Amino acid sequence: MSNPALEPSVQDHLRLEAFEGKFDVKDFVGAISEKLIAQSKADSGPFDPKPFIRTFEAAVDKLIAVRKDVQAKTEQMEKSVRVAERDYSKKMVELNRGFEAVGQSFSGMETKMNEVGRTAIRIGEQMESVHQQRQRAQAAYDLIDYYNQFAKDDTTRLDAMKKEGKEGRRKVAVLLRRLATVAKEVDLPHSDKTRENIDRYCEKFEKDMLHLFDRAYRRGDPKMMHHCAQTLLDFNGGASCVQVYVNQHDFFINRVRADTDIDERLWGALPDPDAPPPVSERGLADLFSEIRNTVGQEAQIVQAVFPNPAFVMQVFLQRVFAQSIQQHLEQLVARTTGMPELAFLRVLQLVHQLTSVLVEDLKAYELPSVVPRSPVDASEFNRSLKGLPASNAPNTATATAATISTMLETAMEELFVPYTEGQRYLEKESRSLGEMYASYLARFTRYHERVDTKGKSSMFGRMVDQLSAAAATTSPSGTSSTSAQAAAALMRFGGLSAAADRNPDKNGEDPVREEDGILSVDIAETMLKWHAEAIGRCVELSSSNDVPKHTFALLRVLCAAIGNSYIETAIESVQARLEAADNKSEPSLQPLTILREVDLICHLWQRYVTMALLPLASSSVTVRREMIVFNNQAVSRIEGGANQVAQKLTDAVVAWLATQLAKQKRTDFKPKNDDISFARVNTDPCLACCDMLEKVRDAAKATLSGKNLEVFLTEVGVAFHGLLLEHLKKFPVSATGGLMLAKDLKSYQDVIDTFSIPSLHERFEFIRQLGNVFLVKPDILKSYITEGYLGRIDANLLRPYLAQRSDWGQAEKGFNDPTDGAVTDGKAARDRFGMGRLSMIMKDLEPLRDQISMPSVPMPGMSNIAGNLASSFANARPSRFSNTAG
């Protein structure tokens, strides 16, 4: 029902289309009442709801009618959908049935096609078998026919076929190959003549083809060359064709390698071990450059001409190595004749390095080794005779078993075999190192020979005898060992002989200087640099399996030179000087400088061994262990020698201090003229001892460091402490003399305090307190010796010192208690009269006595090369000075 009271705008909002989109109730109510609200606002009277009520009632009625229409349409559409779904289901069922029928039809068709295919395959196999039988029969017929023609010495058909062109020549090649095979197996009357005819014709055919290939090669006709190469490949493998190509190559014919351009600078520096090894040689560089260019061009030509390019490239490269490179290497090696062996070794290393680079560059020209089959062989005639497969037919040179890379590596190894085979290289390297070291240390060796004055029983005599014995040793194979060669070189270049007269004055020799016999880190660095160069050559020229044992052999040469001939010689010379020194003269502290140089050199040497040599032996656990044991033994010998030097120097210093103390006058501490005695600050022996202690301190701090410095100064201080204890028992001391004694002891303590060693400070504080017993009054003497460090000592042990007091006769009465007067024991009597031992002094400090020992010079520390001696081996070898520092 339509209500005429509704506005057209309101009716628009009540249509069905208004509810199809996004619907909002507030917007809908607002749109219907918008005009009524405007009218209500425009009316000034009270609010009148009636227009709103009428409008909303009419709108509700309209909406109810719209809902009924929508419900009716929905029901009608649902009925239509149900009918459509039933129709769809019926159609799908029908379609499924149709598809199943089609699938069954296709399955049946596929089955029938498979049956037909299997039948066709069987027919094809039968046809192929028949075809092969026919081919074999035809080939056998043709072969017999041609064989009979050769028996009759008739080659007309073959000559005619050969004139048919390229295809004819290839057919002739295959026929001749097969005829040659048959002729070798036929054993009939007159077969020898037939075989000769076939062989003669084969030779003529091969010569004709090679002649044709040569003409094409000279004309630069790659197509004809390829045809000839393929034909000869089918005929006999094509090896003769390849040889013709390689032999006539311009690289081997036109190039005349006359070494007229010689680099004088290179050859002048070659035998100089201080000059860097050469990195290039002009003639070799030009040769290798030409080889690279030639191979790059030949790789393209060979691939275009030959059906087996990999084989041809191998033949060409083998010729390059065997002729060109080997010839140049022999010329370079021949030029080193008459030069030191270092020149030969450097030339060998130079050629090896450059050849290795060349080989890596040539590996880029790796070619496939697959050989294309000749179309004439489609008949597989080689399977027609005795049913042999194609691979068992007459073999040709086309099969390339090894790649070009493998061939290049093999050719390079063979190039250096004459120089590195067996022990040749190692013997030359060891001999070269030994000669260089001996020449370098010649003046050092002569110096220590000249300064030696003890004849054959001396240190140097023993060293020469050892070298002579080592030089005379040979290995079980009859050749000299590496150590023997090094020893022989040392003797030859050092001018040594076990049987020769060791008179230091030899005519014709330069006079030796003092600096020639001094150890130097620079010399050791030079020796290690030479050795590092030799190790580099060893790695370059030796196989990977031989590197560990060759490195060990060169390590023995290094130890013989830098250890035995250099460091140990210097140490033994110092020992000899210390033994021959006059005890009455002030000892020289130069051995400390030698010990410092030994320390620095051994640090450098052992760092080199650890960082450079031992890693090279990592592939062989056994060799590496032997190297470590050998190296430790060498270092142990040096440690022992350094310990002895330090001990002898300490003994010399202590002996000189004892000599100075022995000059003490008995009146120094019991003066008659007090004014004169007080005018002196210290006694003369005190001044001499303090001066010596200061020199020892300064020299030790300048050369030693760390724990070694502490232990060395401790040894000197403890020994001097013992001397003073005995010294104080010998001199009577008056009251005024006690002041002089106190000043001397204070000077000793002040000098020892500059050593900066706490244990020595305590010991000399005890000495100072012991000296004060001569200053205290008799009535407080007994209480004084019970205080401080003196209180730790048995009073009976102090009696020998107390007995030196000038007033001891009176002080002793008040000092002894009643029980002391009844002493009758012999030992107590000796203690009373100054004959007891102060063996238990400073009980709390007694553990220091066990700890005090001289430092062994630490050798193989791997810290800073210029570091202190204390950063060395933690476990020193047993020696008089058992506690090694570091």
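A salt bridge here is a side-chain nitrogen of Lys or Arg within 4 Å of a carboxyl oxygen of Asp or Glu. By this rule, the structure holds 18 salt bridges.

The model shown is predicted: local features need pLDDT of at least 70, side-chain atom pairs count only at pLDDT 80 or more, and totals for chains, interfaces and linings use all residues. Residues are numbered from 1 along each chain as its sequence is written, and side-chain values use heavy atoms, with hydrogens and water left out.

**View A. Glu341 and Arg431 meet in a salt bridge.** Their N to O distance is 2.8 Å. Glu341 belongs to helix α13 and Arg431 to helix α15 (residues 424-440), 90 residues apart, so the pair links distant parts of the chain. Helices (H or I, at least four residues) and strands (E, at least two) are DSSP runs, numbered from the N terminus. Glu341 counts as buried at 18% relative accessibility, whereas Arg431 is partly exposed at 24%. Buried means under 20% relative accessible area, exposed over 50%, and partly exposed in between (1.4 Å probe, protein chains only).

**View B. Glu586 pairs with Lys695 in a salt bridge.** The closest N and O atoms are 2.9 Å apart. Glu586 sits in the loop between α20 (547-580) and α21 (590-613) and Lys695 in helix α24 (residues 684-703), so the pair ties together parts that are 109 residues apart in sequence. Glu586 is partly exposed, at 35%, and Lys695 is partly exposed, at 33%.

View C. An α-helix has 3.6 residues a turn, so residues three or four places apart point the same way. Asp750 is partly exposed at 36%, as is Lys746 at 38%. Elsewhere, salt bridges that share partners join Arg346, Glu429, Glu533 and Arg537 into one network.

View D. Rings of Phe, Tyr and Trp (its six-membered ring) pair if their centres lie within 6.5 Å; planes under 30 degrees apart count as stacked, over 60 as edge-to-face and the rest as tilted. The whole structure has 9 aromatic pairs. One of them, Phe344 with Tyr419, is tilted, at 6.0 Å centre to centre and 55 degrees between the planes.

**View E. Phe720 and Phe764 form a stacked pair.** Their rings lie 6.1 Å apart, centre to centre, with 20 degrees between the planes. Phe720 comes from helix α25 (residues 706-727) and Phe764 from helix α27 (residues 758-771), so the pair ties together parts that are 44 residues apart in sequence. Phe720 is buried, at 0% relative accessibility, and Phe764 is buried, at 1%.

**View F. Ser756 has a positive phi.** Its phi is about 60 degrees, although Ser756 is not a glycine. Ser756 is found in the loop between α26 (735-753) and α27, and at 56% relative accessibility it counts as exposed.
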